[in-house]
Each structure stands twice: as C-alpha cells, then as structure tokens.
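Student: Could you take me on a close look at the salt bridges here, and then at the sheet beside them? I would enjoy one connected walk through both.

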Amino acid sequence: VTFTRAFEDPSFPGLYSSAEEPVGRGSRIERLRFGPERYLSTPEQWAYRPEIEAEFARSIARHGPFDVAHLRFADVGTFAAARVFRRLGIPVVFTLAPDPHSVLRDGEASGQLDRTSFPAADLEHRYVFRAWLVDWLLREADALAVLPRPGIERELRELLGPSFDTVRPERLWTIPEGIAVDGAAERPMAPGGAAVRTLERAVAALPERRRGLPLLLTVARLNRVKGIPQLVEAWAGDAELREGFNLVVVGGDLERPTGEERLVLQEVEAVCKRLPAARSGLVLLGHRSHDEVPQLLRAAAHGIPGVVAPGGVYACPSRKEEFGLALLEALGAGL
C-alpha cells in the first residue's frame with residue numbers, strides 16, 4: 001500500500017481525489033484527505049502536521065496490519081508516519097539520502113543561502129528540523145536503504161557527520177534503482193511465451209494488410225496521467241505513422257476495469273470514433289505480469305516471423321513520470 005494525499009486537480013478531475021486506486025495485483029494507492037482542496041507544495045504541508053498524523057493513524061488502523069513500513073523522504077509525511085509506526089511497533093526502513101544537507105551545501109556554495117537569507121529559507125523549508133529528522137531516523141529506523149551511487153557512503157559521512165559512523169553495517173542496505181539489463185538487447189526472444197502467443201494471435205486477427213508491420217508499443221496503467229488516449233490519437237491521426245506501425249497498449253484490466261480504467265477506455269473509444277482507421281491497427285493486450293513484459297518488449301524489438309516485423313518503437317506518452325521503469329526496460333530490450 002502506497003500512502004499519498006487526496007486533492008482535486010482541475011487538470012485531472014477525480015483522479016487524485018479518489019480514496020483508493022488499485023495499481024495491480026496486491027498493490028494499491030491509499031489517499032489521505034487533509035488541508036484545502038488543491039495541490040499543496042511540500043513546504044505548505046507542514047502546517048497540517050497534526051491533521052496528517054491523525055488521518056494517517058486512522059488509515060493504518062483501517063488497512064493494516066502491516067509487517068514493515070518504508071519511509072522515503074525527510075518531509076512532514078515521513079515525520080507523521082514515523083511517529084505512528086513507532087507507537088504501533090511496526091518496523092521501519094528509511095531511505096537514507098543526504099537531504100536537506102546537500103541542498104544546504106549547494107545553496108551555500110552558489111551564494112543563494114548565507115547567514116542573512118537562511119532564517120527565511122528555514123521558515124519555509126524546515127531545513128533544521130528535517131536535518132534533525134534524518135538524524136533521528138538514522139538512529140531509530142530498523143534498517144536503512146541507500147542509493148547505489150558511487151561515493152555515496154563518503155558523501156553521507158561528510159554531510160551527516162559522526163552519526164553516520166555509528167550505523168552498524170547490517171542495518172545498511174544498498175537497494176538498486178532501475179532494472180537488471182544483463183545483455184537483454186542482444187538476447188534472442190524466448191519462443192512460445194504466453195504473452196508473446198497472445199500478442200501473435202492479436203496481431204494475426206487484424207486485417208491481413210496489417211500483418212508483418214513493426215510495433216509501436218507502450219506499457220502503462222490505464223490511468224489518465226499515462227496519456228494513452230493521446231498516444232492513440234497521435235498515431236491514428238498521422239497516416240504515415242498509422243500505416244507504418246501497429247499500436248500495442250499493454251496494461252489495465254480489460255475485463256473488470258476500475259472506474260479510472262473505464263474512463264481511459266472510453267477516451268480511447270472516443271478517439272476511435274473520430275478516427276475510425278485506428279481500429280484496424282490498435283491492439284489492447286491488458287495487464288501482463290512483470291515477467292511477461294520483457295518478452296513483449298523483445299518481440300517488438302526482434303519481431304515475430306510472419307506476424308511482427310523487427311525494429312519496433314517504444315512510446316512513453318505520460319503527462320508526468322517520476323521514474324519510468326517500463327521506459328528503462330524498453331531501452332534494455334533494445335527499443
């Protein structure tokens with residue numbers, strides 16, 4: 001369960017205001033409601049700290065029990081959650097990053113922060129308190145995750161000071177971000193995988209003139225922020241692109257769509273009504289497991305004899321993307 005904030009965003013009505021959003025088998029987003037009905041920047045949220053903690057405690061009681069908690073940022077959400085988890089005796093893993101320490105170092109080096117400007121900056125960003133929060137979790141968390149950056153331990157030692165030297169090695173874990181490539185781009189596609197067979201049948205069911213084209217492929221949840229209808233419209237509205245590629249969308253529960261998935265599917269259908277030629281080359285494959293997605297990516301890269309030409313392209317049409325895992329997987333597959 002990933003906890004975040006509920007609010008109404010005029011750009012995506014209803015998207016961030018829903019209390020719960022499933023994101024796959026066994027995973028979901030829970031949204032806490034606090035503060036005004038608008039986006040709040042991170043500094044603004046400190047004013048609602050008691051409200052956040054109370055709402056978070058109610059949500060944990062409602063959705064638990066939990067075996068472990070992962071806290072990622074030195075912000076008000078982490079402070080409130082750490083207090084709740086500590087009261088409940090739930091083990092905590094904290095991502096140990098030198099923040100706000102590195103921000104302060106860089107601000108001082110650039111001249112943006114000095115003895116005169118620091119008090120006002122601290123009132124807004126809570127630098128001193130957040131530095132204390134990092135030091136507290138450094139001591140109190142059951143385990144610490146660090147990013148796999150060259151020299152990260154040296155940087156932590158320089159910025160966090162003597163506190164870092166007290167960390168026992170068994171509490172410190174380096175958690176890789178991203179994907180394991182291992183020559184995926186050169187590795188031939190494994191024949192006969194279930195996902196590849198599904199793709200083969202779907203493309204074979206298209207009009208005969210569409211067989212043997214390369215794929216324009218995207219992997220995403222059917223969520224408005226992922227931009228799938230916009231991708232369908234961009235592809236279908238360009239004759240050269242439409243006639244040169246079949247478009248394959250991987251993601252979403254097509255048989256039992258959630259309310260959000262239903263909205264996206266309705267938008268895709270609206271595009272197909274405006275641009276009927278889209279139906280001849282559009283394939284919706286629905287949700288596939290993490291193990292199956294690389295098979296589909298390699299099929300797009302290397303082709304399927306007689307059905308899909310090699311040399312496909314990956315599309316990432318998201319309106320925002322914090323960490324595009326599928327995009328990295330596509331790069332790893334050679335797309």
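Tutor: Happy to, and let us begin with a definition: a salt bridge is a side-chain nitrogen of Lys or Arg within 4 Å of a carboxyl oxygen of Asp or Glu. This is a predicted model, so local features need pLDDT of at least 70 and side-chain atom pairs count only at pLDDT 80 or more, while totals for chains, interfaces and linings use all residues. Residues are numbered from 1 along each chain as its sequence is written, and side-chain values use heavy atoms, with hydrogens and water left out.

By that criterion, D135 pairs with R139 in a salt bridge whose closest N and O atoms are 3.4 Å apart. The two residues sit four apart in helix α6 (residues 127-140), so about one helical turn separates them. Helices (H or I, at least four residues) and strands (E, at least two) are DSSP runs, numbered from the N terminus. D135 is partly exposed, at a relative accessible area of 22%, and R139 is also partly exposed, at 44%. For these labels, buried means under 20% relative accessible area, exposed over 50%, and partly exposed in between, using a 1.4 Å probe and protein chains only.

A search of the whole structure gives 27 salt bridges. One of them joins E20 to R28, with 4.0 Å between the closest N and O atoms. Here E20 is partly exposed at 43% relative accessibility, and R28 is partly exposed at 25%.

Now follow E53, which forms a salt bridge with R83 at 2.7 Å between the closest N and O atoms. This pair links distant parts of the chain, since E53 belongs to helix α2 (residues 49-63) and R83 to helix α3, 30 residues apart. E53 is buried, with a relative accessible area of 7%, whereas R83 is partly exposed at 33%. Both take part in a network of salt bridges that links R49, E53, R83 and R87.

Four strands form an open sheet in the order β4-β5-β6-β7, with parallel pairing; two strands pair if DSSP finds at least two bridges between them. β4 (69-71) and β7 (172-174) are at the edges with a single partner strand each, so one side of each has no neighbour in the sheet. On average, neighbouring strands of this sheet are turned by 25° against each other, direction ignored. Axes here are lines fitted to C-alpha atoms, for helices over the stretch in contact, and angles run from 0 to 180 degrees between N-to-C directions.

Three bridges join β4 to the parallel strand β5 (residues 92-95), and H70 has V93 in β5 as its bridge partner. Three bridges also join β5 to the parallel strand β6 (residues 143-146), where L144 is the bridge partner of F94.

Helix α3 (residues 76-88) lies across β4 and β5, running at about 155° to β4; contact means heavy atoms within 4.5 Å. Together, β4, α3 and β5 make a right-handed β-α-β unit. Right-handed means that, with the strands pointing away from the viewer, the path from the first strand over the helix to the second runs clockwise.
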